[in-house]
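Subject: Handing over a structure

Hi there,

Here is the structure I promised to pass on to you. Have a look at it first, and then read on for what turned up.

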Amino acid sequence: MPVYPSLTHALPQALVDVLWFVEGCEDEQMDPDDAVKVLEGLAHLVTQLTSDQRCDFIDLLDSMAAEESDPSRREFLEGFPEGFGLIEDDSRPGIYS
C-alpha cells in the first residue's frame, strides 16, 4: 500500500481510484444512471475549486500519470482535467478560472 506525504495527496488518489472504477463498470456492476450521477457530481464539485486548488489538483494528476504503468489508467489520468471540468481545453495557459 502506498504511503502518501499528506492527506492532500491521499484523497485525490482515492477519488481517482473510485472514478476509475465507476467509469470502468459494466451495467451489471453498477446502474448506469447512478454512475452518471457520481461522475456529474464530481465534475460539478471540481468546477467549484479555486484557481489555486485546480492548479494543485492538475499538478498532482500530472504526477500520478507520469508514475502510472498501466497505459489505460495513465490515459484516464491525463484526460481527467478536461473530462471533469478542471480545464476548458487541452491548452493550459490562461484557462484557469
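Let me begin with a pair of helices: α1 and α4 cross in a right-handed way. Please keep in mind throughout that this is a predicted model. The axes of α1 and α4 come within 11 Å and cross at roughly 110°. Angles of 65 to 115 degrees count as roughly perpendicular, so α1 is roughly perpendicular to α4. On the α1 side, the contact is made by Gln-13, Val-16, Asp-17, Leu-19, Trp-20 and Glu-23, and on the α4 side by Ser-72, Arg-73, Phe-76, Leu-77 and Phe-80. Sorted by class, this contact of α1 with α4 has six nonpolar, two polar and three charged residues.

Now for the overall picture. The protein chain has four helices and zero strands, and its elements read α-α-α-α from the N terminus on. Of the 97 residues in the protein chain, 28% are buried. The chain's accessible surface comes to about 6,400 Å², and carbon and sulfur atoms hold 54% of that. If you look at contacts in the chain with a separation of 6 or more, 56% of them are between residues 24 or more positions apart.

By class, the contact of α1 with α2 has seven nonpolar residues, no polar ones and one charged residue.

The other pair is helix α3 (residues 51–67) and helix α4 (residues 71–83), whose axes come within 9 Å and cross at roughly 165°. An angle over 145 degrees counts as roughly antiparallel, and α3 and α4 are therefore roughly antiparallel to each other. Here too the crossing is left-handed, as α3 passes α4. The residues in contact are Phe-57, Ile-58, Leu-61, Met-64 and Ala-65 from α3, together with Arg-74, Leu-77, Glu-78, Phe-80 and Pro-81 from α4. Eight nonpolar, no polar and two charged residues make up the contact of α3 with α4.

Glu-23 sits in helix α1, which covers residues 7–24. Setting aside neighbours within four places in sequence, Glu-23 is in contact with Leu-39, Phe-76 and Phe-84.

Gly-85 lies in the segment after α4. Gly-85 has a relative accessibility of 27% and therefore counts as partly exposed. Which residues does Gly-85 contact, leaving aside its neighbours within four places in sequence? They are Val-46, Thr-47 and Arg-54. Gly-85 and Gln-48 are 37 residues apart in sequence, while their C-alpha atoms are 9.7 Å apart in space.

Happy exploring, and do write back with any questions!

Best wishes

Key:
Residues are numbered from 1 along each chain as its sequence is written. This is a predicted model: local features need pLDDT of at least 70, side-chain atom pairs count only at pLDDT 80 or more; totals for chains, interfaces and linings use all residues. Side-chain values use heavy atoms; hydrogens and water are left out. Axes are lines fitted to C-alpha atoms, for helices over the stretch in contact, and angles run from 0 to 180 degrees between N-to-C directions. Helices (H or I, at least four residues) and strands (E, at least two) are DSSP runs, numbered from the N terminus. Angles under 35 degrees count as roughly parallel, over 145 as roughly antiparallel, 65 to 115 as roughly perpendicular and the rest as oblique. A crossing is left-handed if the near helix is turned anticlockwise from the far one by less than a right angle, and right-handed if clockwise. Contact means heavy atoms within 4.5 Å. Ala, Val, Leu, Ile, Met, Phe, Trp, Tyr, Cys and Pro count as nonpolar, Asp, Glu, Lys and Arg as charged, and the others, Gly among them, as polar. Buried means under 20% relative accessible area, exposed over 50%, partly exposed in between (1.4 Å probe, protein chains only). Accessible areas come from the Shrake-Rupley method with a 1.4 Å probe; for residues, only the protein chains shown count as cover.
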